Amino acid sequence: MRATLHYLNMLKNFILSASALFIAAISFGQDTTRIGSIEDTLNDNTPVFISSLEDDNSSGGNVSGLLQSSRDVFAATAGFNFFAARFRIRGYNGDKTTIFVNGVPTGDAVTGYSQFFKWGGLNDVTRYAETKKWLTSNPYHFGGIGGYSNIDISATSVRKGWRVSYANTNRSYRQRLMVTYGTGMQKNGWAFAFSASARYAREGYIEGTYYNNASYYFAAKKEINKKHSLNFSVLGAPRERGRSNIFLQEVYDLTNNQYHNTNWGWQTLASGDSVKRNGNIAREHIPIMTINHTWKIDEKSNLKTSVLASFGKRGRERLNWYDAQDPRPGYYRYLPSYYESLNDPANAAVFRNGWTSGNPDFTQINWDHLYRANDNNLYSLDDADGLTGNTVNGKRSKYIMESQWSNELSLAFASVYNKTFEKLTFTAGAYYQMQRNHNYKTISDLMGGDYWVDVDQFAEQDFLDPIAAQNNADTPNRTVRVGDTFGWDYFMHNHEVTGFAQAEFKLDKIDWYAAVELSDQLFYREGVYKNGRFLDNSQGKSDVYNFFNYSTKAGITYKISGRQFLTANAAFLTEAPTSRTVFISPRTRDNAVDNPINETIYTGDISYILRYPKLKMRATYYYMERKDALWSRSFYHDEYRSFVNYVMEGVDQFHQGLEFGIDGEIVGGLSANGVLAWGQHLYSSRPTASVYRDNSAELIDEDKLVYLENYKIGGMPQSAASVGLKYSGKKYWFAGVNFNYFMDIYLDPGPDRRTAEAVANFVESDPQWNETLDQTRLDNGYSLNLIGGKSWRMGDYFLSLFGNITNVTNNRNFVTGGFEQLRFDNTNVGKFPPRIGYMAGINYFVSATLRF
Amino acid sequence: MKRLLFISAVIASIIACEKEPDSPPVNTLDQTKVITIDSIRAMADTTGATIYTITDSLTTFAIVTMDESSGNIYKNLYIQDHTGSVNVRMTSSSDYSVGDSLRVSLIGTTVSTYNGVVQLDNVDPDLALIKRSGGHDITPVSKEINDITVYDEGMLVQLNNVQFTGSELANTYADGLNQSSENRIIEDCNGNNVLIRTSGFANYANETVAQGNGSIVCIVNRFGSELQLVIRDPEEILMDGTRCAGQLLLKDFDDDDVTSGGWSTVQVDGPSVNWTTSTAGGAATPYGIISNFDSGNTQCENWLISPVLDLSASSTPNMQFNNAYNYTGDPLQLLVSTDYPGSGNPNAATWVDLSSQVTWSAGSWAWENSGSIDLSPYLQPAVRIAFKYTGTNSDGSTWEIDDIIING
């Protein structure tokens, strides 16, 4: 009921705002024609492909794959040559770029990030996405300040004919087969298209990883008459991956392998054979279905209306354990440094020998040991399954593989109206999205045991009351088996409604646009389980959190000549915090941040653009300030000796920088390109932190000042540069080389180290003072990439070969990022060193494509 | 193009100013509150009666000279600076190791004296000890055994050319089974000796003591007026050289046995009289005793004869023992022989009387040390010494002897 009221409120807000917007839009003035995108006309023939070691983009929604199709040399270089170094354009996370499918935004309402896994592998469908990576007008939606990409998946987006390709690579997958067929628009008004793709690696670049993916796409489009056309598209990309992870430098040193993966181990099968088994598996299959209606109202106006549905499963399978030792080899107590710090050289030597000798009992998961532990644990569980006197006997698993699901159901509706006057294009749109995520765990493998008991072992240690340990207090001591739901079970409901309007003017010397958006978002949690620690606020619906936001932007292009342009853009917007940050620990309860507020963003850029036939150049200065963001994480806090939920409010960020890209022909078919991204990406406030005990929601600390100002935003090079040469031969071949250099790479600062409490014991002259506070800076790095291709025409058949080699010099010493562990012991500052990852060594991708 | 580069350069220079990262309010060290270890020691009440609590925000800088890793000390460290060293007693065990340079925050700690040992106590290793760096090994001070005094308490010393005494060679450093501390004796080649005290929790407690001659690094400790050296790391016991003669014999009767260690008694006359042991008079440990009085005096001649000693490799062998007596009678005699076969009537062998070299007790049970008795005329392979007791039917003294030591 409460939720319903909120819908009404939301609707009211929306209608009021939309009316105001409409009035504002009408007053914008008279006719002009649509501004052609300058970037789109830059006729750069950048080759298109999608590759990377981690192209799942799960860690922040990287748009690199789409960028590579950009014709802007800067964006294309950032997408391909800078990708391995985790470069992010303007330092933005993926949530600042909006990815549309047929004009409908596809961001995850929970996180704001795009979900590339939904269409992974369908390169024939996604490769020609329309992409702009900066502040710009947008024909679909207001869009993000980091630009947008629109993937056209309608049946007419696929070129008529067959396209069959095979690719071989040594990255996350080894082989790819792709078949695509499009009919084009036929005389009967129907167009059909399909694509199927499979990617496979028994073992990827990193030991113990594997990759299985089969993607499908089908679309049908009907031109009903001259005014109406209807399109239906469906695509999906079921995928399963055995994952790798990044670890401590110590692990790399011990194993003499900077790509060492502790996620897998040998398991002895009943047959006696041993197999590599990965203990960290990702599975996704969330297809997208969309129906799109285009109504050409007249020559000058049209209305595009879409409904998009997306639902499916997404989960991570990983180890869990009860009353047992941590099974992960990278756990800090399994490393020699731990014993060295305890002055225990004997144990240090044992672990050092185990690691350096490559003994898999030390370096990998010891599956056989885990199975033995389960096999030996005969246990009588009293009062099982909520029944007093009910005793369950059997092998109680100490170790299991569990799947943590976040299954999405989303429905979106988008309608965009375009009207062109003589010098004006007017666009207005409305958008509604609901997304329901079902978050729960299931048992995927009892690993030889008979049952698992759905209790929380930390709560068992912390509380005398036995009910407190129950994850599902309605059925105490519940025994669960393969497939059963356990641990946590809740829904997160998100709703968003937006309306936007945009006017674009095109005059002789000046083009300009202005746009405004109003939006309302609400979300709430709905718990299925009554958690034993939170009997009052874990089951049922939470409070509803509602946020009203507005965004405005405007831009101007001054045409110095037909070849020279000056542009300037600015935007001001507010953004709702996401449900993921507002709920402090949604797995167990509906506690939320007190009075969460919208964040505010100011941003702008100015560019100077040259567009000669043989010389293209863009130089841009940008600026972005983000105020009042919310940040929350959970980790073990050594000072409080408790697992805590750590929430920072008032996190401000500051980004500024220069983007420079030039591409010019030198002589004949030889051209040179250069890209420079100089950036300064900083935290720019002192947020206040609240710390909650995870097991009791007790507020341990509040208004703890975090001295974060001017720390660098980490995990990416703040600056990067690339120079390259490319030769295009007359007989449809080309070859290119790029040297790339990455600078100012930092690890993101862990907040709790930057507090007065963290350094309370130290004076400035103690080495611990700086050791605690200083941000980890990584060395600058470089890569050299080669690219080439050739096409033949044989009658109606086109054969093209394409290939690239990245990191040709096999530079394996470049640490591209990582993270400071949030866990921190101020009595031993170096106890939890950061986890870091290295750029992959030399790797290749080759493909052959036949079109007919 | 040039104009463009120029503009870019200007913009870059405007915005490229590096911004200093934030910092919590700076805690600075008050240089006027930095003190040295001699000042800490000066705070101690040497009588041990009172405990001084440091209430000021004082700081000292020092280097760890002994840590807990060997198990020989627990929740303790020794630290040292250029002015001295001190025992640190912590509220919990720590991971600091030898050579760590520490800043010690002294507020809330206490300074006291325990049996002469100055202790910096109540030190929280997590809060009060800040490791600044590691690897600053302090070179131990080379000392001779007889140069060490109780005033060196806490100091890191190295003794060269020393060895465990011959009577210790079958022993372990401590009793690791019962986890009880034990004392062992080391000596130099001049027969000077000192105690090595080892905890039963030390990880080498059950190892047999080093058999050879060489160097050892210790912390000087004391228990009242008694010196006790503490091994900080068994790796620093480098005693595998050829032994010097050292202490050839120790007979302290502490095992309550007269004839242990190869000693023998011979009753030439007076079968009711013999050497035995006693703790009468409140002695902490037994001593050897003989008396011919048992409701009347008995005529007797009773010998206490040492095991055979090989003095052929010795340079300046010497001997000492403690003695006391009461009642009138013949004096006790100290004799030496190079031809007594080890059994039979000693009078059949040749004995030289050394009694005149002995400082004898003044009587009335007053203990006296014999002083050093020169055995260098007897550099023979089969030397024995003997105490010869004689009594008559009318009189006889009661003699007590203890701590007979023969050094090579």
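Visitor: In what order do the eight strands of the open sheet in chain B sit?
Guide: This is a predicted model, and in it the order is 1-6-7-4-3-2-5-8, with mixed pairing.

Visitor: Which are the edge strands?
Guide: Strand 1 (52-53) and strand 8 (129-133) of chain B, and each pairs on one side only.

Visitor: How many bridges join strand 2 to strand 5 in chain B?
Guide: Five, linking residues 59-66 of strand 2 with residues 101-105 of strand 5. Those two strands of chain B run antiparallel. One pairing to look for is Thr60(B), whose bridge partner in strand 5 is Val104(B).

Visitor: OK, switching to chain A. Which domains does the assignment give?
Guide: Chain A gets domain 1 (31-152) and domain 2 (613-852). In the contact between them, domain 1 of chain A puts in 21 residues and domain 2 of chain A puts in 36.

Visitor: What classes are the residues on the domain 1 side?
Guide: For domain 1 of chain A, that side has twelve nonpolar, four polar and five charged residues.

Visitor: And how many residues does each chain give to the contact between A and B?
Guide: Chain A gives 33 and chain B gives 26. Among the elements giving two or more residues on the chain A side are strand 30 (642-667) and helix 13 (767-773) of chain A. By class, that chain A side has 17 nonpolar, eleven polar and five charged residues.

Visitor: Last one: how far does helix 8 of chain A reach?
Guide: Its twelve residues, 345-356, span 16 Å from first C-alpha to last, close to the 16 Å expected. Just after helix 8 of chain A, Gly358(A) has a positive phi of about 75 degrees.

Note on methods
Residues are numbered from 1 along each chain as its sequence is written. Chains are lettered from A and ligands numbered from 1 in the order in which they are written. This is a predicted model: local features need pLDDT of at least 70, side-chain atom pairs count only at pLDDT 80 or more; totals for chains, interfaces and linings use all residues. Domain bounds come from an automatic or database domain assignment. Two residues are in contact if their C-beta atoms, placed from the backbone, lie within 7 Å. Ala, Val, Leu, Ile, Met, Phe, Trp, Tyr, Cys and Pro count as nonpolar, Asp, Glu, Lys and Arg as charged, and the others, Gly among them, as polar. Helices (H or I, at least four residues) and strands (E, at least two) are DSSP runs, numbered from the N terminus. The expected span of a helix is 1.5 Å times one less than its number of residues. Two strands pair if DSSP finds at least two bridges between them.
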